[in-house]
Amino acid sequence: MTFRPVLRPGAPLLRRDATHLQVGTSPGIVFADRPGLVQLLHLIDGARDVDRLSAIARTAIPELTAPVVEVVTELRSIGVVLDATRWSGPQRRGLDAEARHLDMVGGDPDRLVRRPGFGLAFHGDPGSRALIEVTRSILAASGVTRHDSPDPDLLVIVSCGEPARAVFESPAHLGLAHLPVVIDEDRVRIGPLVRPGRTPCVSCHDRHRTDWDRAWPALLHQLGRHTAIMTPPGLSALTSHAAGVELAAEVLAQVDGGPARTIGRCLVVGPRHDERTTRPLAFHHSCGCDLLRAA
Ligand SMILES: [Zn+2]
């Protein structure tokens, strides 16, 4: 596919002085003006490729003496124009904004190809509804739209308070990647992201906790029961939305194959919206989950 030039995203084209143009203001890229250049820049729209632009310029911009290919290649080398072919294509429908972002930060828009087909499922209790809705909305805007897949690639399990452990049995048994999220008093704990047999699991977490809190198994036994009483959490809207952003980021890391912060770790958001804490979680020697890993 040929190069389809487009002006730098989100940056206005401005005249700096009689002989210079500028694109953007942060701080902006300054470049020399030349006869016909502004007219050419007006034709650059990300839809026309270099051949098409050259054909139009030959008749419409006679004052432009240098070949169009030379001009746009030079502008590309200084970041004034980018190549729109990197942002679109059959596998990137609805991902234009994400692709523009990745391209601008030096990433590879090809990383996004798994997003449309990625199957996600949410398991949540009534107290987790608001956090799940925020997360769904962010993921949908990021191009991950299959949120109720019957055969998911990742199951996100959100609960208000520690959930009954039975909820993790089926995904662990099926080898299904799962991400526990607990709304815990005034904060949100995300992780560990469990890839069964490959990363530390929730049972590893419980066994570590039992090592220093002998009553943990007795407490675990009572989790998720209707007899347990609980006041709704003290989570601000800001912290809830911040947790949604971090949760969505962990899901996208799993989708895109990027580094996840919750493998062998928990990420805690709150109590303030800008507070983040991570806690490491290792395999526990008595947990059978890594037998698969050793096999
Ligand atoms: Zn384990």
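Which residue of β11 is the bridge partner of Leu 267? The bridge partner of Leu 267 in β11 is Thr 278.

The structure is a predicted model, in which local features need pLDDT of at least 70 and side-chain atom pairs count only at pLDDT 80 or more, while totals for chains, interfaces and linings use all residues. Residues are numbered from 1 along each chain as its sequence is written. Helices (H or I, at least four residues) and strands (E, at least two) are DSSP runs, numbered from the N terminus.

**The six-stranded sheet**

Six strands form an open, mixed sheet in the order β6-β7-β8-β9-β10-β11; two strands are said to pair if DSSP finds at least two bridges between them. The edge strands, β6 and β11, each pair on one side only. On average, neighbouring strands of this sheet are turned by 20 degrees against each other, direction ignored. Axes here are lines fitted to C-alpha atoms, for helices over the stretch in contact, and angles run from 0 to 180 degrees between N-to-C directions. A residue is buried if 20 or more other C-beta atoms lie within 10 Å of its own, exposed if 12 or fewer, and partly exposed in between, with C-beta atoms placed from the backbone.

**The three-stranded sheet**

A further open sheet has three strands in the order β2-β3-β4, with antiparallel pairing. Its edge strands are β2 (13–17) and β4 (29–32). The twist averages 35 degrees from one strand to the next. Gln 22 stands opposite Val 30 in β4.

| Strand pair | Sense | Bridges |
|---|---|---|
| β3 and β4 | antiparallel | four bridges |
| β6 and β7 | parallel | five bridges |
| β10 and β11 | antiparallel | five bridges |

**Helix α5**

Helix α5 (residues 129–141) has 13 residues and reaches 19 Å from its first C-alpha to its last, close to the 18 Å expected. The expected span is 1.5 Å times one less than the number of residues. Its buried residues are Leu 131, Thr 135 and Leu 139. Seen down the axis of α5, these residues fall within an arc of 65 degrees, so they line one face of the helix; the arc is that of the directions from the helix axis to the C-beta atoms. An α-helix has 3.6 residues a turn, so residues three or four places apart point the same way. The buried residues of α5 pack against β7 (154–160), β8 (178–184), β9 (187–190) and α9 (237–256). Just after α5, Gly 143 takes a positive phi of about 95 degrees.

**The nonpolar cores**

A nonpolar core is a set of buried Ala, Val, Leu, Ile, Met, Phe, Trp, Tyr and Cys residues joined through C-beta atoms within 7 Å. The largest core has 38 residues, of which Val 156, Val 181, Val 188, Ile 190 and Val 251 touch the most other members. Its largest share, seven residues, comes from α9. Helix α9 lies across β6, β7, β8, β9 and β10, running at about 150 degrees to β10. Leaving aside neighbours within four places in sequence, the contacts of Val 188 include Leu 131, Ala 243 and Val 269, where contact requires C-beta atoms, placed from the backbone, within 7 Å. A second, separate core of 18 residues includes Val 68, Ala 84, Ala 99 and Leu 112.

Terms used: Contact = placed C-beta atoms within 7 Å.
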